[in-house]
Amino acid sequence: MRQTIRLKVNGVERQGEVEPRTLLVHFLRDGLNLTGTHVGCDTGQCGACTVLLNGDAVKSCMVLAVQADGAEVRTVEGLAVGDAYHPIQQAFWDLHGLQCGFCTPGMIMAAVGILKRNPNPSDEEIREQLEGNLCRCTGYQNIVAAVRKAASDMQGQPAAQPVGASAAGGASGE
Amino acid sequence: MAATSMIGAAVKRREDPRFITGHGQYTDDIKLPGMVHMAILRSPYAHARIKSIDTSKAKAMAGVRAVYTGKDLEGKVGNMPPVFIIPDANFKTPAYPVIAIDTVRYTGDQVAVVVADSPAIARDALDQIDVDYEPLPVVVNEEEAVKPGAPQLHSDVPDNVLFHWKIAGGDPDAAFQNAEVVIKERFIQQRLIPNAMEPRSAVARWDPGTGELTIWHTTQNPHITRFVFSLLNGIPENKIRVISRDVGGGFGSKIDTYPSDVVAIFATRDLGLPVKWVEDRRENFVGTIHGRAQTQEAELAATRDGKITGVRVKSYANMGAYTSTGPAAGVPTWLFGLVVPGAYTIPNAQIEVIGAMTNTTPTSAYRGAGRPEASYLIERMVDRLAGELGMDPVELRRKNLIPADAFPYTSATGLVYDSGNYQAALDKALAMVGYDSFRQEQRQQRQQGKYVGIGFSTYMECCGLAPSRLMDDIGFQAGQWEVGTVRLLATGKAIVLTGTSPHGQGEETTFAQIVSDKLGLPIEDIEVVHGDTGAISMGWGTYGSRGNAVGGSAVYLATEKVLEKSKKLAAHLLEAAPEDIVAENGKFFVAGSPGKSFSIQDIALQANLAWNLPDGMAPGLEENSFFDPLNFVFPFGTHICVAEVDAETGETKILRYIAVDDCGVVINPTIVDGQIHGGIAQGIGQALYEHAIYDENGNLITGSMMDYVVPNARQIPFMELDRTVTPAPQTPHGAKGIGEAGTIASTQAVVNAVVDALAPLGIKNLDMPLTPERVWHAIQQARGGSNGH
């Protein structure tokens, strides 16, 4: 009972055979070997599997692969342009927005969605809109700062002083 | 020594590029040709006899390769062994089979295992296994479990008492007899679920040609699991390779060796095919260890003017249904006992812990393990005492904090605190929060009907697990030293090997900083390799805030040896005496003559070519250093929380969170801050949100992320950090540990703030988590209403 689906993933036309019950995340990971998209829960809470589906950030564990037939999907592997990281990737690196890295691809893709909806969000808006993405390592502080810095960078403005850095961290960072 | 110090530099993490681009390699990302998939049937009952298991339908399914029950594995793999056996505690060692044989003892206990061609077929086949259970009586609470007549879990553990130990220092009985004031309180350290974002998983591959087993798995300590697999699966230790390069968080839950991994190894040998097992989140909730779960009776003795003279604690620790193959009884209860006196000069202490077996998931080390439970207890008690005496909690703390000139300080429980300046951290935090004006503002807010409070935590902790000798004293069945290897290749690039196994802590960066700083090598030229027993001789892993304190120290000492040899070789090439050689910014030259020099890269090349070495010098430039410190390290600091409670809804809002931490010398301030952020978030999680709840039948009713609150970005406040630096005297670089401090410090700061906010209502204590419902009920009760109207 396998079905054939065709979709554009990271700009490339792809085709695959899936069971009707196969989730998009499993098709991406197992069918296309795009293992940057992670599975952290099975109830749609953690957001580690967030990808862009037709430009919108969605949890790919909540979408059947067959539902993505004909769609355009972007995963974290398709975010950088050549050697240049997307400003959100760069900001996560610059401001230590990740530790174990497992939630990071989902966080980054969710942040793409946030900044698409609102190019200049406040910290509070960022926190509110990241509610669907859980991180157990960072306490979110540097993630929020990274999204804010990316927003600023994407508008071509100088980045605001990162709120996440501590007085001590800033002072001793020689 | 390089002139430009890398120690203290906010270097961006070297591990990040692979993570931000989706190119990390976690265990679930591993795919091998011919790989088959394993799924585990877990018990729906908390306690039941297995009358029969019928696997015939599952075995007959297309695509199913094998189905194993406990009986199939009996005699072929060993039982899960305890790793900590606390001495003088009448410690019991009940059998813990990798798959239950005739009895299941908690919801989630392994009953059968299917291996199939796809994960979906394996899951489908689980539904085709018929198990006939005969339910048995259940006990889930630690105090109930040890009462006469409680349901018994193991025939060789009478009264479900796994262990019972007591330690005392000074004369606690006399202290309480002579006390002017005695405070008593009961604390419930609710059960928590670690919830690392990456579920556990394993890919096991048996090579029948060489007789070698390779297993990629989610562990914090690959060498320890290699040892356990060797023991249980009967494969020589030198024929096992454990790989755990990228691990998506652990927080203690990936220290343990689990039955699932042992079965995957059995299956790959049995089938001759690579076997993958990936836990789903609901399985993680029941099948991976839990933490905390203690009920404590605490007493504090003091004089009327606020000098604490004694502390007495009796705690019931819920160990779950089996002794997990990890810290289990060890760190979570024993370190708990040792640090109960906290940062205070309390001369008399007695701590007693009873380990209770219950029909619940086994407990083990969750971030902080034992120290959050102790720190919460003492910091809450100090606040309770302040309330009783009508003293300001800061004044009471000042009166009892160990003075800076008293270090090294021997506590009533026999720990020797290495170094500290507790008042300096407190002063800094008080200045940050503006405490001078806080109480006046609080009075005004109270007049306006607002419930705003401030909570303090002048914590200390004990970590950097090692020393091996002390760990042996407390019943750890292994060593706790580390080895670091620094190898310079002919091209001037370096490989650093560490037996610690970071999974988010950033040691690929900090250890490279240590080496770069000493040798003057560009940090880009240094690769830190971890998480591979095939490459690294030995190590005991990353937990207990030991990565840098123990592993980093070993790397530091190995680098010093490389430097010494480099100087000798430079001296030979420069025709000078080694003692006249200066090493600076990666250049070696004769003192006073920097014009003629050899670079560290030149030295590496010459050492590897070995064309022109001094007589007696061996070729190569590679050094090992083993490090086993003489003592733990003792980070400390002050955390302050300012919180407001909405009396109408019971909701707590954290208005400010201030943390001043001292972890000795800081290698990378950005990484240290990140560790503190994450630690605080988990501590706040315990204070306000997280609670693993079992019903009376042993069902975990908070069994998914829909029911158990892993805090989200809106639930964690902005944190204001600063630090003091008091070097560790017993690590070569002066660093202590910082992985757990945030968690150890923060929970009580939040609860103290909420209790302070509600003090006008006469509320003295609240059980965690401080959910709006609980707080609202407490407010209603305090106001004398029974239903809130």
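Residues count from 1 along each chain as its sequence is written, and chains are lettered from A in the order in which they are written. In this predicted model, local features need pLDDT of at least 70, side-chain atom pairs count only at pLDDT 80 or more, and totals for chains, interfaces and linings use all residues.

Reader: Which residues make up domain 2 of chain B?
Author: Domain bounds come from an automatic or database domain assignment. Chain B is divided into domain 1, domain 2 and domain 3. Domain 2 is built from 31–136 + 198–248 + 254–287.

Reader: How many residues of domain 2 of chain B are in contact with domain 1 of chain B?
Author: Two residues are in contact if their C-beta atoms, placed from the backbone, lie within 7 Å. Domain 1 of chain B gives 13 residues. Domain 2 of chain B gives 15.

Reader: How many residues of chain B are in contact with chain A?
Author: Chain A puts in 51 residues. Chain B answers with 52.

Reader: Are α17(B) and α18(B) roughly parallel or roughly perpendicular?
Author: Helices are DSSP runs (H or I, at least four residues), numbered from the N terminus. Axes are lines fitted to C-alpha atoms over the stretch in contact, with angles from 0 to 180 degrees between N-to-C directions. The axes of α17 (residues 547–574) and α18 (residues 600–609) of chain B come within 10 Å and cross at roughly 85°. Angles under 35 degrees count as roughly parallel, over 145 as roughly antiparallel, 65 to 115 as roughly perpendicular and the rest as oblique, so α17(B) and α18(B) are roughly perpendicular.

Definitions and conventions:
Helices (H or I, at least four residues) and strands (E, at least two) are DSSP runs, numbered from the N terminus.
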